[in-house]
Structures are given as structure tokens and as C-alpha cells.
Amino acid sequence: MNITELLGIQYPIFQGAMAQIAREPLVSAVSNAGGLGIIGSGGMSAEVLREEIRKVRAATNKPFAVNLMLMMHNIPELIEVIVEEKVNIVTTGAGTPAPYMPIFKEHGIKVIAVIPSVKIAKKMEAIGVHALVAEGTEAGGHVGETTTMALVPQVVSNVSIPVVAAGGIADGRGIAAAFALGAQGVQVGTRFLTTVECPTHDNFKQAVIDADDTSTTVTGRSIGGPVRSIKNSMIAEYLKLEQEHASRDELEKISLGSLRKAVFEGDTDRGSVMAGQICGLCDEITTVEQMITTMFSEAQTLLNRLGQTQITGEQIASV
């Protein structure tokens with residue numbers, strides 16, 4: 001079964017579960033446009049997640065998902081909310097969903113794991129997840145080390161479940177490339193940052209628009225938590241401290257709350273503007289619907305030239 005049939009969506013596109021950003025305005029817009037909107041539960045309490053789920057459900061009757069960052073301390077409480085609210089799609093990252101697979105299976109919840117390597121992809125398939133998001137290091141936010149171009153075909157060649165490509169995708173060319181690599185769909189984050197419905201400060205959106213292919217860098221490698229963001233004075237200070245072998249506590253002093261500063265206060269100098277290397281293609285504000293339909297129209301044109309068949313809805317091709 002292909003990814004659109006599995007999830008009941010029109011377009012094989014997931015919206016990245018960006019912390020502090022992937023909330024109702026963006027999630028419902030993506031789902032209403034035919035993609036899979038995903039609530040980013042990272043940092044949420046059970047009560048806040050329940051509220052977001054209900055807001056999304058009031059705004060769309062289309063499928064949507066909740067992302068679980070499995071390193072969070074309150075995962076059991078969040079899963080309880082997901083079960084009670086009858087959300088039937090979950091994506092996971094930052095850990096293994098293995099301890100929770102029995103409850104997911106019991107309630108018919110489809111599980112899609114975000115993975116950075118073939119080794120972890122195989123482990124996720126073995127525990128029974130339904131699909132994978134293979135995310136390359138080009139992506140914004142928390143990243144692995146392997147590029148999308150190298151990661152996706154290797155994952156596809158080593159598992160039998162659907163694979164969705166993520167990292168460095170912002171237009172129809174990226175979608176067509178993902179299909180050529182063997183993926184059945186794409187997950188997009190950075191391009192959604194420059195949409196009307198994205199609930200971030202205008203300064204945040206402008207920082208993404210102003211960025212180019214060399215504007216991002218990765219911090220946190222020294223403490224085992226690499227994160228890609230747009231360069232600014234806070235990032236420069238963080239990198240300097242890393243070079244000086246600063247402790248985790250010292251690094252957290254300057255980064256604590258920095259994402260919130262950027263997203264809600266518009267402080268793009270001392271805040272963390274998490275975004276991917278594809279920023280240079282994210283140069284205008286559009287609606288979510290315009291973005292998705294344009295991307296897939298471009299991709300369809302490109303794939304038609306290669307003799308590829310329809311890639312939306314029930315006729316999606318498995319390359």
C-alpha cells in the first residue's frame with residue numbers, strides 16, 4: 001500500500017513537526033490542502049496537546065498527525081491524550097517508539113518514524129512501524145549526518161515499508177528527485193515557514209526569505225544534539241563556546257528559550273531561527289494551498305517528461 005492510500009491523503013507531502021511552530025493554523029491548512037499536517041508536541045503539556053488536537057479537528061475533517069519527540073519526559077501522558085482524542089497517525093523522533101508500539105497497535109494508530117540512518121531504519125521496520133521519513137542533514141532543526149541524496153536510496157533499498165524523503169526539498173524539482181530516489185513522498189519544513197498560515201513572527205519569515213544556501217550552520221555537535229539554524233550573533237557565540245569545549249550547562253545558558261525568542265518575539269539575532277539549507281529557494285510568502293499545488297504541478301511536469309505516471313491521490317506511482 002502506498003503512502004497516500006495508507007494515510008488517506010491526496011498529496012504525498014508531510015509538513016515537518018517544527019517545535020513551537022507546527023500548531024493548528026499551519027497544521028489544519030496543510031491537511032485542508034491535501035497533505036498531512038502534523039502537530040509538533042515537543043515542549044507541550046498533555047493539556048496543551050489536547051487543545052491543539054481539538055483546534056485542528058474543528059478546522060479540518062482531513063487526516064492529521066501528532067509528532068512525538070520521544071526524549072520528552074511526558075510521553076506517556078501525551079500518548080494517553082492521543083488515544084483519548086482518537087488521533088490515528090503518529091510520527092516519532094529522538095528515540096525509539098518500541099515501548100509504545102503495543103498501545104499504538106491496540107488502538108489502530110499508524111506509526112511513522114523519522115530516521116537518520118539505514119541502521120535505525122531497519123530497527124524501526126523490525127518493531128512494526130508503518131512507514132519511515134528518511135531525513136537528510138540538509139534539514140532545519142535536529143539533524144543527522146547523512147545527506148538526503150545519499151540516505152534515501154539506501155533506506156529504500158534496505159526496507160520494504162514506504163519511505164518519505166526529507167531535507168532540502170522546497171519545490172517540484174525536490175519532489176521529483178525524491179521519487180527518483182525511490183521515496184513515495186516528501187516531508188517539508190523550511191518552505192512551510194514562508195507561508196501565510198505559518199504562525200511565526202514576521203521577522204522569522206523574513207530571516208528565511210533573506211537567507212541563502214550558505215546561511216545556515218549546525219550547532220550542538222559537541223554535546224550530541226546537532227541542530228541546523230540560520231547564522232546570527234547567538235549562533236556565533238554558541239559555536240565559539242563549542243570550540244572552547246564549553247560544558248553543556250554553559251551552552252544551554254545562551255540557547256535556553258532561544259527558539260521561542262525567534263518564533264514569537266521576532267528576535268532573529270539572539271533567537272534560534274531553525275531552518276534548512278534550502279532557504280535560498282524560499283523567497284516569497286504564499287498560502288499553504290498555493291505552495292503545495294504549485295510544487296506538485298512542477299513535479300508532475302518533470303516526472304511526465306521522464307514517463308512517470310500520476311503522483312497524487314490513489315494513482316500515486318511507486319518508483
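Which residues does Thr-287 touch, leaving out those up to four places away in sequence? They are Thr-195, Val-196 and Glu-197, where touching means heavy atoms within 4.5 Å. Keep in mind that this is a predicted model, where local features need pLDDT of at least 70, side-chain atom pairs count only at pLDDT 80 or more, and totals for chains, interfaces and linings use all residues. Residues are numbered from 1 along each chain as its sequence is written, and side-chain values use heavy atoms, with hydrogens and water left out.

**Around Thr-287**
- Thr-287 sits in the loop between H12 and H13; helices (H or I, at least four residues) and strands (E, at least two) are DSSP runs, numbered from the N terminus.
- Thr-287 counts as partly exposed because its relative accessibility is 25%; buried is under 20%, exposed is over 50%, and partly exposed is in between (1.4 Å probe, protein chains only).
- From Thr-287 to Val-66 it's 22 Å in space, C-alpha to C-alpha, and 221 residues in sequence.

**The nonpolar cores**
- A nonpolar core is a set of buried Ala, Val, Leu, Ile, Met, Phe, Trp, Tyr and Cys residues joined through side-chain atoms within 4.5 Å.
- The largest one has 78 residues, and Ile-13, Leu-68, Leu-132, Phe-192 and Ile-292 touch the most other members.
- Helix H13 (residues 288–305) is the top contributor to this core, giving seven residues.
- A second, separate core has 14 residues, among them Ile-3 and Ile-38.

**Helix H9**
- In H9 (residues 202–210), the buried residues are Phe-204, Lys-205, Ala-207, Val-208 and Ile-209.
- Their cover includes strand S11 (227–230) and helix H12 (258–265).
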